[in-house]
Amino acid sequence: MKMDMNHTDVIVIGGGPAGSAVASILSREGRKVTLFEKEEFPRHHIGESLMPDTYWTFERMGILEKLKRSPFVRKYSVQFANQASRESRPFYFFEANHHESAVTWQVTRDAFDKLLIEHAAEEGATVYQGTPVKQILFDGDRAVGVEVRMKDGSTEKFYAKVTIDATGLSAMMSNKLGWRISDPKLKKSVLYSYFKGARREPDLNGGATLVLRTAYGSGGWFWYIPLEDDVTSVGIVADPEYLVKGRGQNLAKIFHEEIEKCEACRRRVEGAERVDKVYSILDYSYRSKQCAGDGFIIIGDAYGFLDPIYSSGVLLAFKMAELAADAIHDAFNNDDFSADRLGQFQPLLDRGIESMRKLVYAFYNEDFSFGQFLQKYPDQRFNIINLLIGNVFNEHVDDIYVPMSEFAEIPPPLDELISPENGDKSSEDIEPEEVLSAK
Ligand SMILES: Cc1cc2nc3c(=O)[nH]c(=O)nc-3n(C[C@H](O)[C@H](O)[C@H](O)COP(=O)(O)OP(=O)(O)OC[C@H]3O[C@@H](n4cnc5c(N)ncnc54)[C@H](O)[C@@H]3O)c2cc1C
C-alpha cells in the first residue's frame with residue numbers, strides 16, 4: 001500500500017513559481033503529481049514585479065481569477081531614469097497589447113508563492129511543505145525518484161516517471177551534473193529593503209516598476225516597486241567591486257548612502273520609513289547546459305538565472321513550466337522518457353532567454369539609453385514594449401538587435417562561452433543544496 005502511495009507520474013522538487021505552476025498545470029491536465037517544498041510557506045523571497053505575459057500561464061493554471069481578486073498592485077508600465085536621474089516616458093504595455101493581459105501585478109512574494117502552492121494542491125497535486133528532498137535517485141543515468149526528509153525526521157523514497165528540478169538558485173541537478181555555465185559579465189551584488197510611505201504617483205503610473213540608473217562606473221541601478229499596503233520594494237543591483245568591496249559590514253549604511261547618491265530614488269523615499277532589514281544577496285547569471293536528462297527536467301531558476309533588470313524571472317519560470325508540461329504529456333503519450341523527448345523544447349527556450357539576455361547586456365552598456373535608440377529608430381518602440389511584456393518566444397523578437405547593435409555590444413549566446421574555465425562546475429559562487437547520487 002505504502003509503495004503505491006510513493007509511486008506517482010511526476011515528482012516536483014521545489015514549490016516556487018516554477019514548481020507550483022508545473023504542478024498545477026499537470027494536475028489539472030490529468031497527471032498524478034507530488035511536490036516537495038523544503039520551506040513552510042509563507043517564506044520571504046525576492047522577485048516582485050511580474051511581466052504581463054505571465055497572464056497566459058495564470059490562465060492555464062486556472063488561477064487567473066484569484067489574481068484578479070488579489071490586493072496586489074496593478075502594473076501598467078516600466079519607466080527608466082538615466083544616471084542624471086532624467087526620467088523616460090513610461091513604456092505602457094497597452095501601447096503594444098490591447099488585451100486585458102497588458103495589465104499585470106506587483107506581488108509580495110510571500111503571499112504570491114503561498115497562493116500558487118496552495119493552488120497546486122487545490123488542482124490535485126499532493127503537496128508536502130517543510131519537506132526537503134535530500135537526494136535524487138538514479139538508476140544508471142535515469143532519474144527515478146527522490147529521497148525526502150519527512151517532517152517527523154524519517155527518510156522516505158518516492159518514485160516517478162519524471163522528476164522535475166524546480167529548486168531555484170539551489171539548482172540541484174545542474175550543480176550535481178556540472179552543467180552550469182556562468183555568465184562572466186553578469187555578476188552583481190544586491191542590497192534591498194522595504195519602505196512605508198514612499199512616493200507614489202496618484203494615477204496608473206503609481207503601479208510602475210522604476211529602473212533608476214546609479215552613477216557611471218557603478219554598473220548598477222535601483223529598482224522601485226510599489227506593493228500593497230503602501231509598501232515599496234527598493235533595491236540596488238551593482239558591481240560587487242563598487243557596492244560592497246572595502247565598504248565594511250554595515251549594509252544599511254551602504255544602502256542609504258547609495259539612495260542619497262541617486263536623486264531619482266532619494267526624492268521618492270524622502271520621509272518614508274524603512275520597515276524591514278537590509279537584505280544582501282549575490283546575483284550571478286548562469287544557465288544549465290541541458291534542460292533535461294533521462295527521466296528528469298530542470299525548470300525555473302534551477303535551469304537558468306538572468307539578471308533581474310527587466311523582471312523576467314517569474315515569466316521565464318512560468319514559460320518553462322508550460323513547456324515542461326507539454327513535453328511530459330508527449331512523453332507519457334509515447335512511453336518515452338528519454339532526455340531527447342523531455343528536453344525537446346530547449347532550442348525555443350534558449351532563444352527566448354537569449355533574447356532577453358541581449359537586452360540585459362545593452363542596458364549594462366552604461367552609455368546606452370532607450371531614449372537615444374528610439375530617437376533614431378522610433379518604430380522600435382513597439383518591439384521594446386513587446387520585450388518588456390515578456391513576448392520573447394516569437395521568431396521575430398531578435399530583429400531589434402540589428403539596429404540596437406549600433407548603440408550597444410550585443411553578446412554571443414551563452415553556450416558559446418563554454419570553456420574549461422567556464423563550463424563544468426562553475427558553481428563556486430552559489431551555495432548548492434546537499435546533492436547526493438544514489439542507486
Ligand atoms: C535581486 C533579484 C530581483 C529579482 N526581481 C525579480 C522581479 O522583479 N520579477 C521577477 O519575475 N523575477 C525577479 N527575480 C527572479 C525571481 O525571483 C526568480 O526567477 C523566481 O523566483 C524563480 O522561481 P523558481 O520557482 O524557479 O525558484 P524559487 O522561487 O527560488 O523557488 C524554488 C523553491 O525550491 C525550494 N527548494 C530548494 N531546494 C529544495 C529541496 N532540496 N527540496 C525541496 N524544496 C527545495 C525552495 O525553498 C524554493 O521555495 C529576481 C531575482 C533576484 C535575485
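# Ligand shell, domains and a buried hairpin

The ligand is surrounded by 38 residues, and the closest are Gly16, Gly47, Gly168, Gly300 and Gly313. A residue counts as near a molecule or strand if its C-beta atom, placed from the backbone, lies within 6 Å of it. Helix H2 (17-28), strand E16 (279-288) and helix H10 (313-334) are the elements that give two or more residues to this shell. H10 supplies the largest share, four residues. Helices (H or I, at least four residues) and strands (E, at least two) are DSSP runs, numbered from the N terminus.

This is a predicted model: local features need pLDDT of at least 70, side-chain atom pairs count only at pLDDT 80 or more, and totals for chains, interfaces and linings use all residues. Residues are numbered from 1 along each chain as its sequence is written.

The shell around the ligand holds 18 nonpolar, 13 polar and seven charged residues. Here Ala, Val, Leu, Ile, Met, Phe, Trp, Tyr, Cys and Pro count as nonpolar, Asp, Glu, Lys and Arg as charged, and the others, Gly among them, as polar.

**Two domains.** The protein chain is divided into domain 1 (2-72 + 107-181 + 285-352 + 416-438) and domain 2 (183-284). These bounds come from an automatic or database domain assignment. The C-alpha centres of the two domains lie 29 Å apart. Across the interface, 16 residues of domain 1 are in contact with 16 residues of domain 2. On the domain 1 side, the touching residues divide into eight nonpolar, five polar and three charged. Contact means that two C-beta atoms, placed from the backbone, lie within 7 Å. The ligand shell draws at least three residues from each of domain 1 and domain 2.

Strand E13 (residues 221-226) is mostly covered, with six of its six residues buried. A residue is buried if 20 or more other C-beta atoms lie within 10 Å of its own, exposed if 12 or fewer, and partly exposed in between; C-beta atoms are placed from the backbone. Trp221, Trp223 and Ile225 point one way from E13, while Phe222, Tyr224 and Pro226 point the other way. In a regular strand the side chains alternate between the two faces of the sheet. E13 and strand E14 (residues 231-238) form a hairpin with four residues between them. Asp229 in the turn has a positive phi of about 60°. Seven of the eight residues of E14 are buried, so E14 is largely enclosed by the rest of the structure.

Strands pair if DSSP finds at least two bridges between them.

| Strands | Bridges | Residues standing opposite |
|---|---|---|
| E12 (residues 209-213) and E13 | four bridges | Val211 and Trp223 |
| E13 and E14 | six bridges | Ile225 and Ser233 |
| E11 (residues 180-196) and E14 | eight bridges | Tyr192 and Gly235 |

Gly235 in E14 also stands opposite Trp223.

**Two helices.** Arg60 lies in helix H3 (residues 54-61). Arg60 is partly exposed, because 18 other C-beta atoms lie within 10 Å. Not counting residues up to four places away in sequence, Arg60 touches Ile25 and Glu322. Arg60 and Glu322 are 262 residues apart along the chain, yet their C-alpha atoms are separated by 8.5 Å.

Helix H12 (residues 346-364) has 19 residues and should span 27 Å at 1.5 Å a residue. The expected span is 1.5 Å times one less than the number of residues. The end C-alpha atoms of H12 are 26 Å apart, which agrees. Its buried residues include Leu349, Ile353 and Met356. The buried residues of H12 pack against E16, strand E19 (304-305), H10, helix H14 (381-389) and helix H15 (401-404).
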